[in-house]
Amino acid sequence: GDDIMKDIRIEILWEYACCGELELLKRYYEDGGETNRRYYAFGGEHSLIMGAFRNNRFEAVEYMLSVGETATDLEREEFTRELQKIMCLRKIVK
């Protein structure tokens, strides 16, 4: 039924990630919720990690990583580019 968290629609789960709803995310995973479901919008495929990350919900990102969530390949490429920018900025400001 609707009260079983593991069967929640991805749109609702995405909202939980974007808002950093840690308790609701924990209930989802503890109820046997599947990891690495993807949200399809904005012209592409998105991980729950990216939803939380873009909204500065870093505690939710850390929690989801701990239960086995991963970023998509394209998201990992984007994160790698961001890290390269940061490393370059460090050199610039020294």
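This is a predicted model: local features need pLDDT of at least 70, side-chain atom pairs count only at pLDDT 80 or more; totals for chains, interfaces and linings use all residues.
Just after helix α4, G68 adopts a positive phi of about 105°.

Helix α4 spans residues 58-66. Its buried residues are A60, V61, Y63 and M64. These four lie on the same side of α4, because they cover an arc of only 165° around the axis. The spacing of such positions follows from helix geometry: an α-helix has 3.6 residues a turn, so residues three or four places apart point the same way. What do the buried residues of α4 pack against? Their partners are three other helices, namely α1 (10-19), α2 (22-30) and α3 (48-54).

The other side of α4 carries the exposed residues E59, E62 and S66. For E59, the relative accessible area is 59%, and the residue is therefore classed as exposed, the cut-off being over 50%. E59 can also be placed relative to E11: the two are 48 residues apart in sequence, and their C-alpha atoms are 20 Å apart in space.

Turning to helix α5, this element covers residues 73-93 and includes L83. L83 has a relative accessibility of 52% and so counts as exposed as well. Together with I86 and M87, L83 makes a nonpolar surface patch of about 300 Å².

How values were computed: Residues are numbered from 1 along each chain as its sequence is written. Side-chain values use heavy atoms; hydrogens and water are left out. Patches are made of residues with over 30% relative accessible area and no salt bridge: like charges are joined within 9 Å, nonpolar side chains (Val, Leu, Ile, Met, Phe, Trp, Tyr) within 5 Å. Accessible areas come from the Shrake-Rupley method with a 1.4 Å probe; for residues, only the protein chains shown count as cover. A salt bridge is a side-chain nitrogen of Lys or Arg within 4 Å of a carboxyl oxygen of Asp or Glu. Helices (H or I, at least four residues) and strands (E, at least two) are DSSP runs, numbered from the N terminus. Buried means under 20% relative accessible area, exposed over 50%, partly exposed in between (1.4 Å probe, protein chains only). The arc is that of the directions from the helix axis to the C-beta atoms. Contact means heavy atoms within 4.5 Å.
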